[in-house]
Amino acid sequence: MRKAFKYRLYPTKPQVKDLERTLELCRELYNAALQERRDAYKKAGKSVGLYQQKRYLPQIREELPQYKSSSPRWTPSLCLQARRPSA
């Protein structure tokens, strides 16, 4: 038997702003990775895997300042692994 717990959060205004920024960065990164996978399949018929994309994360952090200064509590690799929950 599995149990689930729900907790209600009451973040402060700065925390809300930080959470929104983190979610926005994660959304952008996930959508870019998804687009890369789609384009690779359409152009070459080859799939791009998660680990191939993870190799470029250090380069992304160096080139894009918003990912470089992001909170250390989340990592962009978690964004790439995000999946929609199955129904």
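What follows is a short walk through the structure above, from the whole chain down to a few side chains.

This is a predicted model, in which local features need pLDDT of at least 70 and side-chain atom pairs count only at pLDDT 80 or more, while totals for chains, interfaces and linings use all residues. Residues are numbered from 1 along each chain as its sequence is written, and side-chain values use heavy atoms, with hydrogens and water left out.

Let's begin with the overall layout. The protein chain has 5 helices and 0 strands, so its elements read α-α-α-α-α from the N terminus on. Here helices (H or I, at least four residues) and strands (E, at least two) are DSSP runs, numbered from the N terminus. Of the 87 residues in the protein chain, 18% count as buried, where buried means under 20% relative accessible area, exposed means over 50%, and partly exposed lies in between (1.4 Å probe, protein chains only). The accessible surface of the protein chain is about 8,000 Å², and carbon and sulfur atoms contribute 56% of that; such areas come from the Shrake-Rupley method with a 1.4 Å probe, and for residues only the protein chains shown count as cover. Contacts (heavy atoms within 4.5 Å) can also be sorted by sequence separation: among those in the protein chain with a separation of 6 or more, 54% join residues 24 or more positions apart.

Now have a look at Gln53, which sits in helix α2 (residues 50-54). Gln53 is buried because its relative accessibility is 4%. Leaving aside neighbours within four places in sequence, Gln53 is in contact with Ala33, Glu36, Arg37, Val48 and Leu80. With Arg37 there is a polar contact, side chain to side chain, at 3.0 Å. The term covers a pair of N or O atoms within 3.5 Å; within protein, one must be able to donate a hydrogen and the other to accept it, and residues adjacent in sequence count only if both atoms are side-chain atoms.

Helix α1 (residues 13-44) is the next stop. Side chains of opposite charge can pair when their charged atoms come close. A salt bridge is a side-chain nitrogen of Lys or Arg within 4 Å of a carboxyl oxygen of Asp or Glu, and the count by this rule is 2. One joins Arg21 and Asp18 at 3.9 Å, N to O. These residues are 3 apart in helix α1, which means about one helical turn separates them. Arg21 is partly exposed at 32%, and Asp18 is partly exposed at 36%.

Another salt bridge links Arg27 with Glu24, whose closest N and O atoms are 2.5 Å apart. Arg27 and Glu24 are again 3 residues apart in helix α1, so about one helical turn lies between them. Both are partly exposed, with relative accessibility of 43% for Arg27 and 33% for Glu24.
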